[in-house]
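User: I should like to go through this structure with you. Could we settle the terms as we proceed?

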Amino acid sequence: MDGTGLITGDDGLVRCFWHGNLEDYRRYHDDEWGNPVSDDRRLFEKICLEGFQSGLSWLTILRKRENFRAAFAGFDFEKVAQFGDDDIARLLADAGIVRHRGKIVSTINNAARAIDLKAEFGSLARYFWSFEPTPEERPARMDYATLRANPTSPTSVRLSKDLRKRGWTFVGPTTVYAFMQAMGLVNDHIEGCVCRGKVEAMREAFARPR
């Protein structure tokens, strides 16, 4: 990688640097990261997994994602909210996930908070997309230096504060910004990445929940 934050794969395509040309990570970069998402279960899954990622690499979580899905009822928050002490014990014994009691308890708590959000707003998607930054809040150009210098944003700070006010946990501004990047609320593919234009077109065509 040079100072542009871009790397060229063995397929000749130029991409953001962070997947390191690892096959599974590159697929995630190409097929998921930044694509706009309105499915409530996927939104809940991602914000929970970002919480589990805290202090670890996203690649670690990505490679355990199917285990997490099996352990947490496919991230159906109606079901996860009903988890009790036996489920916590089961999850702490599950070597296929990150066995961190605080993060496990947080996911169960956040499931109950997600039910509250859905009751208030009609869907998690409607709530989260109400925090989509305006063009004026976004950098004029997304280059490597800008990406590195901005692990949070004013919007992620506002969203984090609002979630915590509502009782969510493990939703600090950096975690929330990573969630926004992944779920397409912002397009942080670096200029010159093969995926940037594709994601921008998807965002333009995306029917934002209202």
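Analyst: Let us begin with burial: a residue is buried under 20% relative accessible area, exposed over 50% and partly exposed in between, with a 1.4 Å probe and protein chains only. This is a predicted model, in which local features need pLDDT of at least 70, side-chain atom pairs count only at pLDDT 80 or more, and totals for chains, interfaces and linings use all residues. Residues are numbered from 1 along each chain as its sequence is written, and side-chain values use heavy atoms, leaving out hydrogens and water.

User: Is Asn 110 buried or exposed, then?

Analyst: Asn 110 counts as buried because its relative accessibility is 4%. Asn 110 belongs to helix H7, residues 101–121. Helices here are DSSP runs of H or I with at least four residues, strands are runs of E with at least two, and both are numbered from the N terminus.

User: What does Asn 110 touch?

Analyst: Not counting residues up to four places away in sequence, Asn 110 touches Phe 44, Gly 167, Trp 168 and Thr 169. Contact means heavy atoms within 4.5 Å.

User: Phe 44 is in H2. How many residues of H2 are buried?

Analyst: 12 of its 14 residues are buried, so H2 is largely enclosed by the rest of the structure.

User: What span should H2 have?

Analyst: Helix H2 (residues 40–53) should span 20 Å at 1.5 Å a residue, and its end C-alpha atoms are 20 Å apart, which agrees. The expected span is 1.5 Å times one less than the number of residues.

User: A change of topic: where is Pro 133?

Analyst: Pro 133 sits in the loop between helix H8 (124–129) and helix H9 (144–149). Its relative accessibility is 11%, so Pro 133 counts as buried. Leaving aside neighbours within four places in sequence, the contacts of Pro 133 are Arg 138, Thr 155, Met 180, Leu 185 and Val 186.

User: And the chain overall?

Analyst: The chain has 12 helices and two strands, and its elements run β-β-α-α-α-α-α-α-α-α-α-α-α-α from the N terminus on. Of its 210 residues, 49% count as buried.

User: What is the radius of gyration?

Analyst: The chain has 17 Å, which agrees with the value near 17 Å for a compact globule of 210 residues. That radius is taken over C-alpha atoms, and the globule rule is 2.2 Å times the number of residues to the power 0.38.
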